[in-house]
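Work through the exercises below with the sequence and the 3D view at hand. Try each task before you read its solution.

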Amino acid sequence: MTLLDSAPASTSSAADRAERLTAAGASWGSRIAADPAQAHLTYRVKGRGEGSVATAITAGKHRFLVDEPAALAGDDTAASPVEIALGALISCQVVVYRLYAQALGIRVDDISVVAEGDLDASKLFGINEGVRAGFSDIRLDITLTGPESDERYQELREVVDKHCPVLDLFANPTPVSVAVVKG
């Protein structure tokens with residue numbers, strides 16, 4: 001299925017978010033109930049090298065730059081790939097927290113997330129092949145504000161942990177196939 005390029009008006013109130021989350025959940029629920037194949041989405045993102053080691057990314061109608069700091073041969077014009085990955089994790093957490101807070105009737109007035117990831121650059125530079133190339137540890141610190149008890153927010157966390165797609169990408173192996181072609 002292809003996602004539509006709709007641009008809804010920006011909303012920030014809890015009532016507006018609740019209405020949009022409820023409508024989206026009902027719409028997806030109906031589509032998937034009618035045809036379970038509607039739940040299967042394919043995302044396509046493209047990139048092209050720019051500058052020293054930067055990459056111009058195109059995702060649908062959105063374009064953004066990913067770069068490295070000068071210490072890693074970049075021009076430091078944008079966040080690095082690993083920072084973008086942590087940002088993707090944070091943004092997915094925010095979406096899924098809001099979605100399930102609404103679904104479970106748990107009031108969340110505000111949410112903020114800090115992500116830290118530890119990475120050993122010795123693998124990147126071919127110095128130590130015995131360490132992992134990616135993050136060896138990631139820590140998420142999520143702050144929820146609202147009138148609910150800590151127990152309710154922990155209940156929400158458990159549900160979000162089971163349903164967040166990007167958290168799943170970090171927590172579980174995903175098959176990846178790579179093809180290189182001469183252009």
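This is a predicted model: local features need pLDDT of at least 70, side-chain atom pairs count only at pLDDT 80 or more; totals for chains, interfaces and linings use all residues.

Residues are numbered from 1 along each chain as its sequence is written, and side-chain values use heavy atoms, with hydrogens and water left out.

**Exercise 1. The whole chain**

Task: List the elements in order, then describe the box, the burial and the charges of the protein.

Solution: 
- Step 1. Count the elements: the protein has 5 helices and 5 strands. Helices (H or I, at least four residues) and strands (E, at least two) are DSSP runs, numbered from the N terminus.
- Step 2. Read from the N terminus: the order is α-β-β-β-α-β-α-β-α-α.
- Step 3. Find the box: along the principal axes, the C-alpha atoms fill roughly 50 × 40 × 30 Å.
- Step 4. Check burial: 19% of the 183 residues are buried. Buried means under 20% relative accessible area, exposed over 50%, and partly exposed in between (1.4 Å probe, protein chains only).

**Exercise 2. Helix 4**

Task: Which residues of helix 4 are buried, and what covers them?

Solution: 
- Step 1. Helix 4 covers residues 150-163, and its 14 residues should span 20 Å at 1.5 Å a residue; the end C-alpha atoms are 20 Å apart, which agrees. The expected span is 1.5 Å times one less than the number of residues.
- Step 2. Pick out the buried residues: Tyr153, Leu156, Val159 and Val160.
- Step 3. Look down the axis. These buried residues fall within an arc of 120 degrees, so they line one face of helix 4. The arc is that of the directions from the helix axis to the C-beta atoms.
- Step 4. Turn to the face away from the buried side: it carries the exposed residues Asp150, Glu151 and Lys162.
- Step 5. Find the cover: it includes helix 2 (81-104) and strand 5 (135-145). Contact means heavy atoms within 4.5 Å.

**Exercise 3. Helix 2**

Task: What do the buried residues of helix 2 pack against?

Solution: 
- Step 1. Note its buried residues, including Leu86, Leu89, Cys92 and Tyr97.
- Step 2. Name the partners: strand 4 (110-119), strand 5, helix 4 and helix 5 (165-171).
- Step 3. Take Val82 in helix 2. Val82 is partly exposed, at 36% relative accessibility. Beyond neighbours within four places in sequence, Val82 is in contact with Leu119 and Phe135.
- Step 4. Step past the end: just after helix 2, Gly105 has a positive phi of about 70 degrees.

**Exercise 4. A loop**

Task: Are Ala73 and Asp76 exposed or partly exposed?

Solution: 
- Step 1. Locate Ala73: it lies in the loop between strand 3 (62-66) and helix 2. Asp76 is in the loop between strand 3 and helix 2.
- Step 2. Check phi. Ala73 has a positive phi near 75 degrees, although it is not glycine. Asp76, also not a glycine, has a positive phi near 55 degrees.
- Step 3. Ala73 is partly exposed, at 47% relative accessibility. Asp76 is exposed, at 52% relative accessible area.
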